[in-house]
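Dear colleague,

I am handing over the structure below, and after it you will find my notes on what turned up when I went through it.

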Amino acid sequence: MVSGWKNKRQDPISKTLPSKVFNWLTRSITGVKIHDFNCGYKAYNSYVVKNINVYGELHRYIPALVYWKGYTVGEIEVEHHPRIHGDSKYGVERLLKGFLDLITVTFLMIYKKRPLHVFGGIGILLGLSGVIMSIYLMVLWATGLKIGDRPLLMLGILLTVTGAQFISLGLIGELITNLRNNDDYIIKYDSYEMENGR
């Protein structure tokens, strides 16, 4: 896949500055080293298009989805012309949607095949905190202090139960993932060899 790069943008700073921040953040999180994720000029091979699933507003992250499948992503500079007609729809709402979609793509890329890693990690952190609080309160109780009216007791129990629920959620996610028969990974290959029949 080749993505366009509007290197010399003909837009006001109110658009270019947020765009630079967005592209830097997306580059850092996804690992795709291109400059412009939002450029509408993109070229794909047909087999790439058939193997990506785009819905909602995930079109911004097509390079990340393609890269995640194992394909090569490149970029080429394109000429950007200033807007002549109409008004830009670029605003705070679009930035918010873009950030939420980035969270979605990151989750799908990193944790789709291993949901226990994210939910289990949170569950262990919460549950361990609850257990430590409970042990501390047990020590206080053993020394003769009253612990029944301490807010820390309720917090410790809450964290322990919540941690167990997160771990259970991760295990359920693992079961659902393993019930699916389709594989989301495409093996990388050399496009030069494919084109030359090797």
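Helix α5 (residues 115–142) and helix α6 (residues 151–179) pack at an angle of about 160°, their axes lying 7 Å apart, where axes are lines fitted to C-alpha atoms, for helices over the stretch in contact, and angles run from 0 to 180 degrees between N-to-C directions. That angle makes α5 roughly antiparallel to α6 (over 145 degrees). The contact of α5 with α6 comprises, by class, 18 nonpolar, 13 polar and 1 charged residues, with Gly counted among the polar ones.

This is a predicted model, in which local features need pLDDT of at least 70 and side-chain atom pairs count only at pLDDT 80 or more, whereas totals for chains, interfaces and linings use all residues. Residues are numbered from 1 along each chain as its sequence is written, and side-chain values use heavy atoms, with hydrogens and water left out.

As for α5 itself, its 28 residues should span 40 Å at 1.5 Å a residue, which agrees with the 40 Å between its end C-alpha atoms. The buried residues of α5 (under 20% relative accessible area, with a 1.4 Å probe and protein chains only) are P115, V118, G120, G123, G127, G130, L137 and L140. Just after α5, G144 takes a positive phi of about 100°.

Elsewhere, T26 is found in helix α1 (residues 13–30), and T26 counts as buried because its relative accessibility is 0%. Leaving aside residues up to four places away in sequence, T26 touches G31, F37, Y61 and L102, contact meaning heavy atoms within 4.5 Å.

Best regards

Note on methods:
Helix = DSSP H or I, 4+ residues; strand = E, 2+ residues; numbered from the N terminus. Parallel < 35°, antiparallel > 145°, perpendicular 65-115°, else oblique. Buried < 20%, exposed > 50% of the residue type's maximum accessible area, 1.4 Å probe, protein only. Expected span 1.5 Å × (residues − 1).
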